[in-house]
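Subject: A structure for you to look at

Hello! I am handing over the structure we talked about, and my notes follow below it. Please open it beside this email and read the two together.

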Amino acid sequence: MEQAVRKIALLGMGTVGGGVYEIIERQKEEMPVKSGAGLEVVKVLVRNKAKYADRIPAEKLTDVWEDVIGDDSIDIVVEVMGGIEIGRASCRERV
């Protein structure tokens, strides 16, 4: 039986966001067994795409919020920007 795959967008790629991304990527095979569903990061919102170009595939990187909210395939949005004001303002303005 094929497991469902939950598509995720990460907002931020600092220490926490980078750690979340690495864990999801490293445990791709184990995740369906552990949680009943696979996880796939499909978008990563960052301020500076060039800074992460060597770590994240180009098709996943974006610096445009609308790329996240306009993607109907995304099931889960994980905000790991640090601080509270940027994340709060982004969510409040666009939800």
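Lys34 is exposed, since its relative accessible area is 54%; here exposed means over 50% relative accessible area, buried means under 20%, and partly exposed is in between, with a 1.4 Å probe and protein chains only. The side chain of Lys34 meets that of Glu30 in a salt bridge, 3.0 Å from N to O. A salt bridge is counted when a side-chain nitrogen of Lys or Arg is within 4 Å of a carboxyl oxygen of Asp or Glu. Glu30 itself is partly exposed, at 39% relative accessibility.

Before going further, please note that this is a predicted model: local features need pLDDT of at least 70 and side-chain atom pairs count only at pLDDT 80 or more, while totals for chains, interfaces and linings use all residues. Residues are numbered from 1 along each chain as its sequence is written, and side-chain values use heavy atoms, with hydrogens and water left out.

The count of salt bridges comes to 4. Another one joins Glu40 and Lys7, at 3.9 Å from N to O. This pair links distant parts of the chain, with Glu40 in strand E2 and Lys7 in strand E1, 33 residues apart. Glu40 is partly exposed at 26% relative accessible area, and Lys7 is partly exposed at 27%.

**The overall plan**

The protein has 5 helices and 4 strands. Both come from DSSP runs, numbered from the N terminus: helices are H or I with at least four residues, and strands are E with at least two. Along the sequence the pattern reads β-α-α-β-α-β-α-β-α.

The 4 strands form an open sheet in the order E3-E2-E1-E4, with parallel pairing. E3 and strand E4 (76-79) are at the edges with a single partner strand each, so one side of each has no neighbour in the sheet. Two strands pair if DSSP finds at least two bridges between them; E1 and E2 pair in the parallel sense over 8 bridges. If you want a place to look, find Ala4, which stands opposite Ala37 in E2.

Of the 95 residues, 33% count as buried. The protein exposes about 6,100 Å², and carbon and sulfur atoms supply 52% of that; these areas come from the Shrake-Rupley method with a 1.4 Å probe, and for residues only the protein chains shown count as cover. Contact means heavy atoms within 4.5 Å. Among contacts between residues at least 6 apart in sequence, 63% join residues at least 24 apart.

**The nonpolar cores**

In soluble globular proteins, nonpolar side chains tend to be buried together. A nonpolar core here is a set of buried Ala, Val, Leu, Ile, Met, Phe, Trp, Tyr and Cys residues joined through side-chain atoms within 4.5 Å. The largest one has 11 residues, including Ile8, Leu10, Tyr21, Val41 and Tyr52. Strand E1 (4-11), helix H1 (15-26) and E2 each give two or more residues to this core. Apart from it lies another core of 7 residues, among them Ala9, Leu11, Val42 and Leu45. Leaving out residues up to four places away in sequence, Tyr52 touches Met13, Gly14, Val46 and Leu61.

Which residue does Lys60 form a salt bridge with? The partner is Glu25, and the closest N and O atoms are 3.8 Å apart. The two come from distant parts of the chain, 35 residues apart: Lys60 in the loop between H3 and E3, and Glu25 in helix H1. Lys60 is buried, with a relative accessible area of 11%, whereas Glu25 is partly exposed at 24%. Glu25, Lys28 and Lys60 are linked in a network of salt bridges.

Lys43, found in strand E2 (residues 37-45), is buried yet has no salt bridge. The nearest side chain of opposite charge is that of Asp71, 4.7 Å away; Lys and Arg count as positive and Asp and Glu as negative, while His and the chain ends are not counted. Beyond its neighbours within four places in sequence, Lys43 is in contact with residues including Ile8, Leu10, Glu59, Lys60, Asp67 and Ile74.

Enjoy exploring, and write back with any questions!
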